[in-house]
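Please look through the sequence and the model, then read the points below.

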Amino acid sequence: MAAVDSTALTESIPIEQIRYDERGLVPAIIQDYLDGTVLMMAWMNRESLEKTLSTGRTWFWSRSREQLWPKGETSGHVQKVKSLRYDCDSDALLIGVEQVGDIACHTGERSCFHQVDGGKAAPPPDTLSQVYEVICDRRDHPTENSYTCKLLDGGDNKILKKIGEEAAEVVMACKDDDKEAIAGEVADLLYHTLVALAHHRVDVKAVYRKLQDRRR
């Protein structure tokens, strides 16, 4: 099996340990590697898993067509593999990907798991991304008496002043070694920083990418 570029796949998997079902298949859960959103579920056999590892992009097995298929072959919404894990029974895969185009579902939705209570809503990402989405919604659809809207209306002068204040409070909480206060003050600092990101229209995922780059 060809070597995989470390920038495309950060964790390898001993495929001989994978337990396939009676059809020779194993379920693969696909997840956004930055914010953790569950994007889709598909089936893999040994050959598609090998091609996924060797090419650094997802390949699956179509049960209806009985053939291999690369994700994004026609849409261009390919999935670049960033991590690959298997569960405690070795009979399910969890694959972290960079979803090109941010669309995984053939319907055009970000996630295949978008149906809820008769409507549409993508699964929630990590907590910071959820808070960032709310802040962006307040920016784009202002509501009366919203603290976030008041911050955004004040622009950099108001937002940056609050970031400075919250940073100082984090320092004081740490000096006092007050764990509850530290958690609360860091939460405040993160929130106000997210407001600054939204104000300048910097996606929180851009921050995640910087952290991932530095992690490597």
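Helices (H or I, at least four residues) and strands (E, at least two) are DSSP runs, numbered from the N terminus. This is a predicted model, in which local features need pLDDT of at least 70 and side-chain atom pairs count only at pLDDT 80 or more, while totals for chains, interfaces and linings use all residues. Residues are numbered from 1 along each chain as its sequence is written, and side-chain values use heavy atoms, with hydrogens and water left out.

**Asn45**

- Asn45 is found in the loop between β2 and α1.
- Asn45 counts as buried because its relative accessibility is 12%; buried means under 20% relative accessible area, exposed over 50%, and partly exposed in between (1.4 Å probe, protein chains only).
- Leaving out residues up to four places away in sequence, Asn45 touches Tyr20, Gly24, Leu25, Trp61 and Leu68 (contact means heavy atoms within 4.5 Å).
- The side chain of Asn45 also reaches the backbone nitrogen of Ser48, at 2.8 Å.

**Nonpolar cores**

- A nonpolar core is a set of buried Ala, Val, Leu, Ile, Met, Phe, Trp, Tyr and Cys residues joined through side-chain atoms within 4.5 Å.
- The largest such core has 19 residues, of which Met44, Leu49, Leu93 and Ile95 touch the most other members.
- Two or more residues of this core come from each of β1 (26–32), β2 (38–44), α1 (46–55), β5 (79–86) and β6 (93–99).
- The most comes from β2, which gives four residues.
- Apart from this core lies another, of 17 residues, including Leu152, Ile159, Val195 and Leu197.

**Helix α4**

- Helix α4 (residues 179–199) has 21 residues and should span 30 Å at 1.5 Å a residue, which agrees with its end C-alpha atoms being 30 Å apart; the expected span is 1.5 Å times one less than the number of residues.
- The buried residues of α4 are Glu185, Tyr191, His192, Leu194, Val195, Ala196, Leu197 and Ala198.
- These buried residues pack against α2 (127–140), α3 (147–175) and α5 (204–215).
- Asp178 caps the N-terminal end of α4, with a side-chain oxygen 3.3 Å from the backbone nitrogen of Glu180.
- Just after α4, Arg201 takes a positive phi of about 55°.

**Cys136**

- Cys136 lies in helix α2 and, at 12% relative accessibility, counts as buried.
- Cys136 and Thr148 are 12 residues apart in sequence, and their C-alpha atoms are 9.5 Å apart in space.

Methods. Polar contact = N/O pair within 3.5 Å; in protein donor to acceptor, adjacent residues only side chain to side chain.
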